[in-house]
Amino acid sequence: MLTRRTLTIVAMLALLCAAPLAQVATQSAAGQAPSTKGVVVKGNAPVSSETLKVKLPRPQEADLPNGIHLMVLEDHRLPQINMQLQIRGAGGYYDPADLPGVAGVTASMMMEGTTTRNTRQIAQEQETMASTVSVGASLSSESAALTVFSLADNFDKSLDLAADILLNPAFPEEELARYKTRQRAGLAQLRSNPSFLAQERFARVVYGDHPGSRVMPSLDVIDRTTREALVAFHKAHYVPDQAIVALVGDISFAEARKKIEAKFGGWKKAGVTLPAVQDPPPIGPSKIYLVDRPNSVQTSLIVGTQAINRTSPDYDVVSLLNSIIGGGPTGRLFLNLREDKGWTYGAYSNLSAARYRGVWMASTEIRGDVTEGAVREILNEVDRTRAERIPDKEFLDKKRSLVANFALSLESPAAIMGNYITSRIYNLPADYWDKYPERVMAITQDQVQPAAKKYLEAGRLQIVAVGDAKKIGELLKKFGTVEVYDTEGKIKIGS
Amino acid sequence: MKRPLIRGALWVACIAALVLGATLGAATPPKVQFTDTRLKNGLRAIISEDHTAPVFSIAITYNVGSRNERQGRTGFAHLFEHMMFKGSENVGSGEHFLLIYNNGGDMNGSTSKDRTNYFERLPANQLDLVLFLESDRMRALDINKTNLDNQIGTVSEERKQGVDNQAYGKTMEAIDELAYKNFAYRHSVIGSLDDLRAATVEDVAQFFKTYYAPNNAVLAIVGDVKTADCLARVRKYFESIPQQPAPPDVDMNEPAQTGERRQTIDDPLARLARIDIVYHIPQSLTPDADALSVLSTVLSSGRSSRFYENVVRQKQLSSNVGAGAGESRGPGLFRVAALVNPGKSVADLEKAIYEEIERVKTGPIESWEIDKARNTAQRNFITSLGSSLNRAVMLSQLAVFYNDPGLLNTRWQRLSAITAADVQRVARQYLTPENRTVVITNPKPAAPTTPADHEKGGR
């Protein structure tokens, strides 16, 4: 039984589309580039202006005595159940300072044996019934997550296995040694990947020593992690006090509650309070970083800065701003760098926000000899959002795009649940998603320009390039002093 | 490719609303209902109602892939996919994706050796929009030099991003070039940059006329539509597009391999050595290909698999050993790929992989391993039904490949019939030394001066 609410997707307000658009030339005229650079609009295609009404399903929720917050979204279309258990406090954000990455190792090692099942039994049991039970913790997040995916028939057995993994991990020494061997190989492999190298350097540049800077554990941490450290981390951090259990699928709320209480009722509340999450230290002035990857035939480029907290009242405005600059193929970056110039396969921007201040970044991979031009174009596109009012048509299109796209998520109950989990984690108002369309449609250009000035400050944009220093090192110097790193992450030239 | 049809021709099948699983028991996967209609110009239109959400998906699969390319024009099918977004008679360059995204949808296209497809997902009220866009480009694509040059630039960066600038990028091309003798599957989908640069507007126009004809395509619409109304609209937009002569058949014959082929590649971008081994196998949807699919589950699916347990966990020779065969309309390949752990030898890893293969041939296969393959197939099928886009893509693709979109509902069950003896039989028959091609990729320390030896025919 779903609690349903009617929500009007205002996307298709009779707004636009009545007036055919003036044709925009592909070549930018001297002076300001047109907002739809790279696109020719003929305006002949029929677009519906009908208002689409949809119902947004809402999960049923309950608080269990040990602190677990239960959320259930029933969906009986397919005989499957998806469960997510988020354990706040068990993510890499809470790693001990001397062992950054241990949360991730703990989560992975929970899969390697319990007091009654060895690693082989854990694997065989779930894979034979085609269920997936896994634990993971990102190095920069507050939470670890245990996920269960199974056909409805096998849910009880899958849940039983999941509870054992969560509550009774054994952390066998022998498996830890093997895990370390695999991790070392995995890390070596990652260092050949230019996107990884760019992400790693960028995270370090924008976050400094803040946990947000962690992308992968270092070899040194892998070497120093002991069984005792894992046992201690698990004991201290895997507590139900602020856990969320979210189920989506072919199960009723009552049934779900009964099963969760039976399996996790005995998981004792620890009564600990988590230390407040801290923002990273403010970002310094713009700088250029080059990761020298000899033999690269492209430059992997990231331009970005610290931006905004997920809980900020400006979040929707900055999201919209991001979408104008580089959200998908209709973003200015894609239209400029790919459709107009043909320099790249893709160019996008991305906003990631957490309880602590997150980042905004633009990224692309271009051929080496246009590295300078690409940096300039990205900086120009950011500058334009500060200097110029977004044209009416483009602004409206972007808002409609965001709101109407929301309808597509209705096809995926897991995506809807994802939204409600976000609301829960960040304490957003109960009607946050019901009001999402009208909130977005109400944003004005007068809010976007100041947001660009405030959050994408010109003097704070950091530039990270991964490529062959012999080919692009000189080009980058035109933007300022360049710090050069090798692919191991060690500094070669610079301060 | 002879495929048993479930029942004869099915140009007009039932009209039934699709209610996924509402009345079915948990263990029974729901059945996707659809109608299947051939328009006067040969375009096949499949429609499947699903009113779960105010959303629909559309997919058009064109019966053309890189296998249809000729020597000197590799990468053409894929380059063409890019041109399909550069405008048509009534749609400006880039306007297609602008309209789809601005109206809340998403879209893409993809090219494989066997087919090219285009797909969109939109709120339910934008059916006319997407039918207009898709029919306009099927009818009258705007092919000009500016767009072509622009997209050759884009594709050449796509090639670098996916192949030339990635560790092991060259390996994937080398192994197919060594394993296949027949040109159709021998060359990569993305093709060579030299060939792309040689493409002319006339080439593109001819390619369009031959392969982008309505009679060479299947359209599928899945979601919040009314079948009769939807079909009427499809007719309105598409039925007047002229039919073309059928494209030439592709010779897919691959001579039997009679001895191991082997090559070693130095890769300056790689950090770890890697082994790739491929074996020739029959096309998909044959009993042997089904048994080989179960074999790939036994060998490499998950941490309970034999490769993981013995080669990765016990012997610690690799961090990951993968195996399996993708969908293939023509002669396929069973692929095994593994990275060598730091400090371990390529030879030891290769030997360990062969030992596991031999153990399948001679030793027992346990019943849980067979259950695992069957249950995995069922789960993957059920999960795939959650997305209307996936259903649309599969319905149109199965119609193009096997003339049978109904395989969407039945295909997964084929694996239920596979026994341990079948798995052993196909392992013995196909996973033999004389039928294999091996490529070893060694990391090469970056030489101080290597003049653009990476770019094929660098300018």
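**View 1. The open sheet of six strands in chain B.** In this predicted model, six strands of chain B line up as E1-E2-E6-E3-E5-E4 in an open sheet with mixed pairing. Strand E1 (35-38) and strand E4 (106-111) of chain B each have a single partner strand, so they stand at the edges and one side of each is left without a neighbour in the sheet. From one strand to the next, the twist averages 15°.

**View 2. Strands E3 and E6 of chain B, side by side.** Strand E3 (residues 55-62) of chain B and strand E6 (residues 217-223) of chain B run antiparallel and are joined by seven bridges. Within this pair, B:Ile58 stands opposite B:Ile221 of E6(B).

**View 3. The hairpin of E4 and E5 in chain B.** Four residues lie between E4(B) and E5(B), and the two strands form a hairpin. Their pairing is antiparallel and extends over six bridges. B:Thr111 stands opposite B:Thr116, which belongs to E5(B).

View 4. H3(B) lies across E3 and E5 of chain B, and its direction is at about 15° to E3(B). Helix H9 (residues 227-238) of chain B also packs on the sheet, where it touches E1, strand E2 (44-49) and E6 of chain B. The direction of H9(B) makes about 150° with that of E2(B).

**View 5. The open sheet of five strands in chain B.** The order of the strands is E7-E11-E8-E10-E9 (chain B), and the pairing is mixed. Strand E7 (261-267) and strand E9 (321-324) of chain B are the edge strands, and each pairs on one side only. The twist from one strand to the next averages 15°. E7(B) runs parallel to strand E11 (residues 436-443) of chain B, with seven bridges joining the two. One of the residues of this pair is B:Gln263, whose bridge partner in E11(B) is B:Val439.

View 6. H12(B) lies across strand E8 (274-281), E9, strand E10 (332-339) and E11 of chain B, and runs at about 30° to E8(B). Helix H12 (residues 346-362) of chain B also meets helix H16 (residues 420-430) of chain B: their axes come within 8 Å and cross at roughly 130°. That angle makes H12(B) oblique to H16(B). The crossing of H12(B) and H16(B) is left-handed. H12(B) brings B:Ile357, B:Val360 and B:Lys361 to the contact, while H16(B) brings B:Val423, B:Gln424, B:Ala427 and B:Arg428. By class, the residues of this contact of H12(B) with H16(B) are four nonpolar, one polar and two charged.

**View 7. The two domains of chain B.** Chain B is divided into domain 1 (35-238) and domain 2 (261-443). Taken over C-alpha atoms, the centres of these domains of chain B are separated by 28 Å. In the contact between them, 36 residues of domain 1 of chain B meet 30 residues of domain 2 of chain B. On the side of domain 1 of chain B that touches domain 2 of chain B, the elements giving two or more residues are E2, E3, E5, helix H5 (169-179), helix H6 (183-186) and E6 of chain B. E3(B) gives the largest share of this side of domain 1 of chain B, seven residues. The residues of that side divide into 20 nonpolar, eight polar and eight charged.

**View 8. The two domains of chain A.** Domain 1 (63-264) and domain 2 (288-493) make up the division of chain A. Their centres, taken over C-alpha atoms, are separated by 29 Å. Here 20 residues of domain 1 of chain A are in contact with 27 residues of domain 2 of chain A. Strand E4 (69-74), helix H5 (194-207) and strand E8 (244-249) of chain A are the elements that give two or more residues to the side of domain 1 of chain A that touches domain 2 of chain A. The largest share of this side, nine residues, comes from H5(A). That side of domain 1 of chain A has 11 nonpolar, four polar and five charged residues.

**View 9. The contact between chain B and chain A.** Chain B contributes 75 residues and chain A contributes 71 residues. The elements giving two or more residues to the side of chain B that touches chain A are helix H2 (95-102), strand E5 (116-123), helix H3 (127-139), helix H4 (145-164), helix H11 (306-314) and helix H13 (367-384) of chain B. H13(B) supplies the largest share of that side of chain B, nine residues. By class, the side of chain B that touches chain A has 29 nonpolar, 31 polar and 15 charged residues.

Methods:
Residues numbered from 1 in each chain as written. Chains lettered and ligands numbered in written order. Predicted model: local features only at pLDDT ≥ 70, side-chain atom pairs only at ≥ 80, totals over all residues. Contact = placed C-beta atoms within 7 Å. Nonpolar A, V, L, I, M, F, W, Y, C, P; charged D, E, K, R; others polar. Pairing = 2+ DSSP bridges. Axes fitted to C-alpha atoms, helices over the stretch in contact; angles between N-to-C directions. Domains from an automatic or database assignment. Parallel < 35°, antiparallel > 145°, perpendicular 65-115°, else oblique. Left-handed = near helix turned anticlockwise from the far one by under 90°.
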